[in-house]
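Hi everyone, thanks for coming.

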Amino acid sequence: MSFAEQLARLQVFLDADDLHEEALDYIAAHGYLTALCICSEQVPEREWIDALFAEPPQYADDTEREAIEATLVQLKAHIARQLASDEDMELPCDLNLGEEPDESDLRGWCIGFMEGVFMREAVWFEESEEEVSELLLPIMVGSGLFDEQPEFTDIAADADLVDEMVSQIPEILTALYLICHAPEEKPALLKPRRH
């Protein structure tokens with residue numbers, strides 16, 4: 001089975017109605033995995049798979065469970081490769097919230113991403129808190145999870161500003177990835193001496 005076929009099967013599985021209501025659908029799962037790839041701390045596989053489903057799905061059998069989990073792991077690796085490349089990340093949805101933001105795929109993707117951030121929230125902000133907060137802002141706005149907070153209310157009311165912010169998400173992901181994965185400068189002592 002090709003990777004594209006595996007992804008198609010995963011999408012059908014994640015978008016099915018019989019999963020737990022808090023389980024992430026395919027688009028949200030993509031956002032979630034993207035956040036896990038950017039996070040500087042590796043979240044154990046079992047932990048993030050269990051959290052993605054909220055409660056264990058009713059698999060047909062062990063073969064289906066292994067296939068679905070293996071495809072999730074492959075998708076995560078695929079996203080990690082995209083982030084590490086020089087290309088901007090391609091999202092599996094349009095970069096706009098449309099007329100009905102709550103119904104949009106982009107909102108789902110952003111919510112999934114924030115779920116991934118919440119798994120290791122402290123880790124995200126321990127290095128460059130201000131920079132990371134600033135970069136996360138468009139994804140936070142896109143998610144709609146913070147609309148009740150005063151500083152988000154004004155932004156959410158300005159549709160053009162929101163459109164402009166969410167259109168920057170692919171570049172933001174690259175920037176976040178670089179912040180979280182840039183090799184730190186080696187201390188001066190380790191630099192080779194020139195004779």
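Let me start with Asp50 and Arg46: they sit 4 residues apart in helix α3 (residues 45–53), so about one helical turn separates them. Helices here are DSSP runs of H or I with at least four residues, numbered from the N terminus. Before going on, a word on what you are seeing: this is a predicted model, where local features need pLDDT of at least 70, side-chain atom pairs count only at pLDDT 80 or more, and totals for chains, interfaces and linings use all residues. Residues are numbered from 1 along each chain as its sequence is written, and side-chain values use heavy atoms, with hydrogens and water left out.

Back to our pair. Asp50 and Arg46 form a salt bridge, with the closest N and O atoms 3.0 Å apart. By salt bridge I mean a side-chain nitrogen of Lys or Arg within 4 Å of a carboxyl oxygen of Asp or Glu, and by that rule the count is 7. Asp50 is partly exposed at 42% relative accessible area, and Arg46 is also partly exposed, at 42%. For those words, buried is under 20% relative accessible area, exposed is over 50%, and partly exposed is in between, using a 1.4 Å probe and protein chains only.

Now, which other residue does Arg46 bridge to? That is Glu69, with the closest N and O atoms 2.8 Å apart. Glu69 lies in helix α4 (residues 62–84) and Arg46 in α3, so this pair ties together parts 23 residues apart in sequence. Glu69 is buried, at 11%. Zooming out, a network of salt bridges links Arg46, Asp50, Asp62, Arg65 and Glu69.

Another salt bridge joins Asp102 and Arg107, at 2.6 Å from N to O.

Helix α5 (residues 105–119) packs against helix α7 (residues 129–143) at about 120°, with the axes 7 Å apart. Axes are lines fitted to C-alpha atoms over the stretch in contact, and angles run from 0 to 180 degrees between N-to-C directions. The two helices are therefore oblique: under 35 degrees would be roughly parallel, over 145 roughly antiparallel, 65 to 115 roughly perpendicular, and the rest oblique. Contributors to the contact (heavy atoms within 4.5 Å) include Arg107, Trp109 and Phe113 of α5, and Leu136, Ile139 and Met140 of α7.
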